[in-house]
Amino acid sequence: MIGPSFEAVLDAAAGGDEAAFGILWRDVQPGLLRYLDALAPGAAEDLASETWLRIVQGLERFAGDERAFRGWVFTVARHRAVDRWRRRVRRHDELVPSDVLADLPAPDDPAGAAVDAISSRAAVALIATLPPDQAEVVLLRVVAGLEVAQVAAITGKRPGNVRVLTHRALRRLAGRLSEVARVRGAV
Amino acid sequence: MGPDGVFPAEMPEPGRPLVAALDDNTVERLVAGRLGPDDAPPGYAGVARVLQAAGGPAGPGELAGRDAALAMFRAHGPASRAQGRSRPAVRRRGPGRVRGRLVALALAGVVAAGGLWLADGARNVPGLGSPTGGVGSGGPGSTGPGSATAGQVAPARPTTPPVTGAGGDGRATAGTPERSGTRPGVSPGGGSAHGARPARPARPPRPTPEPEPEPTPKPEPKPKPTPEKSRPDPTPRNTPKPKHQR
């Protein structure tokens with residue numbers, strides 16, 4: 001989070017200050033990539049670029065504090081991800097030959113990777129294994145740093161529903177991690 | 001409720017570690033990364049670690065696109081638009097807006113002129129004003145426009161039937177507006193025919209009022225279609241009726 005200087009940074013960026021935009025980008029981009037990586041694996045960079053293009057185009061018209069700005073960015077990102085998903089579903093180009101899949105190495109267990117390395121990438125990968133609505137709620141709260149009300153607005157859910165999903169997600173994560181630890185301890 | 005205050009569905013299977021239910025405050029602290037693994041409730045140390053890692057600082061690869069983002073900002077950002085924003089853009093918008101305003105003004109003028117014209121026509125309708133004024137003005141001007149106005153202006157309709165019977169019988173000019181006024185109405189054509197015999201010279205204007213009253217019947221057929229539209233309604237309504245009765 002940028003903090004109290006956010007307003008000045010935003011004003012400067014809206015006025016065309018490249019350094020100010022760089023501050024905004026640096027603050028939001030990591031979370032944006034993590035969120036998009038969970039929503040659309042393999043397309044996070046492209047979707048983030050599309051998102052930033054929209055943000056840059058509407059920067060002058062934006063008015064709000066830092067949380068509102070982050071909420072706006074992640075709302076745009078979500079729309080980009082949903083649009084991409086719709087396009088791909090329409091084109092049916094997600095069908096991959098099975099022999100290609102057979103040649104691919106098996107992915108590592110995200111839970112094990114998260115326990116071991118605890119890199120942000122592994123942590124996001126583990127969160128992404130949750131049911132999609134739970135994963136999105138947790139990512140928007142943890143990675144984007146949004147409030148319950150903002151997450152509810154972005155996902156089109158009620159705040160109470162967001163809280164319930166968060167509870168369930170954390171409990172499921174806890175169960176999964178403790179099971180991994182138990183299995184490793186047994187081994 | 002189970003023994004530890006959890007619902008049966010939340011109870012762990014035998015052999016699995018117990019994952020306690022969290023209160024809202026603990027969830028908020030976990031999600032915000034303020035609750036470390038050591039302070040986390042039993043079973044949530046790993047979750048605290050994962051959430052802290054997920055919300056952690058940027059990795060090296062995550063900021064690799066900074067130059068591209070800045071280039072995009074230069075190309076599409078406010079500064080580039082300030083350079084290209086410009087008179088042409090304003091000019092592009094200008095003609096459209098001016099055209100729209102001109103069209104709106106023209107329409108307003110037409111409506112205003114029509115209103116004035118209607119008002120004049122309504123005044124000229126014999127029977128609306130004094131009988132003398134109606135006759136005098138109805139001669140030259142009311143044959144064309146007056147007939148249309150008599151049909152369009154609603155108050156003229158109730159007044160026209162008495163006019164046909166009262167004073168318009170023998171006057172040729174008054175016959176045409178009356179007819180046009182009565183057409184949308186019921187059938188005073190019989191009454192006007194009595195007085196229209198001397199008014200035959202008024203027949204030539206018939207073709208002219210005929211196209212004009214066309215807009216006048218429009219409002220009347222409008223109520224007609226509504227009962228017609230309501231016709232299909234009764235059929236489905238009739239069908240459910242027996243259902244209700246059943």
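User: Which cluster do ring pairs link A:Phe6 into?
Analyst: This is a predicted model, in which local features need pLDDT of at least 70, side-chain atom pairs count only at pLDDT 80 or more, and totals for chains, interfaces and linings use all residues. Residues are numbered from 1 along each chain as its sequence is written, chains are lettered from A in the order in which they are written, and side-chain values use heavy atoms, without hydrogens and water. Rings of Phe, Tyr and Trp (its six-membered ring) pair if their centres lie within 6.5 Å; planes under 30 degrees apart are stacked, over 60 edge-to-face and the rest tilted. By ring pairs, the cluster consists of A:Phe6, A:Phe62, A:Phe69 and A:Trp72.

User: How many aromatic pairs are there over all chains, and what is the angle between the planes of A:Phe21 and B:Phe73?
Analyst: Over all chains the count is seven aromatic pairs. A:Phe21 and B:Phe73 form a stacked pair, with 4.3 Å centre to centre. This pair crosses between chains, from helix α2 (residues 18-39) of chain A to helix α3 (residues 66-76) of chain B, where helices are DSSP runs of H or I of at least four residues, numbered from the N terminus. The angle between the planes of A:Phe21 and B:Phe73 is 5 degrees.

User: How many residues apart in sequence are the parts tied together by A:Tyr35 and A:Phe74?
Analyst: The rings of A:Tyr35 and A:Phe74 are edge-to-face, at 5.4 Å centre to centre and 65 degrees between the planes. A:Tyr35 counts as buried at 0% relative accessibility, buried meaning under 20% relative accessible area (1.4 Å probe, protein chains only). A:Tyr35 lies in helix α2 of chain A and A:Phe74 in helix α4 of chain A, so the parts tied together are 39 residues apart.

User: Is A:Arg84 buried or exposed?
Analyst: A:Arg84 sits in helix α4 (residues 66-91) of chain A. Apart from neighbours within four places in sequence, A:Arg84 has contacts (heavy atoms within 4.5 Å) with A:Ala40, A:Ala43 and A:Leu47. Its relative accessibility is 16%, so A:Arg84 counts as buried.

User: Which residues of chain B lose the most area to chain A?
Analyst: About 3,700 Å² is buried between chain B and chain A, 66% of it on carbon and sulfur atoms; buried area is the accessible area (1.4 Å probe) that two parts lose on being put together, summed over both. Together, 17% of what the side of chain B buries falls to the residues that lose the most: B:Val31, B:Glu62 and B:Phe73.

Notes: Helix = DSSP H or I, 4+ residues; strand = E, 2+ residues; numbered from the N terminus. Buried < 20%, exposed > 50% of the residue type's maximum accessible area, 1.4 Å probe, protein only.
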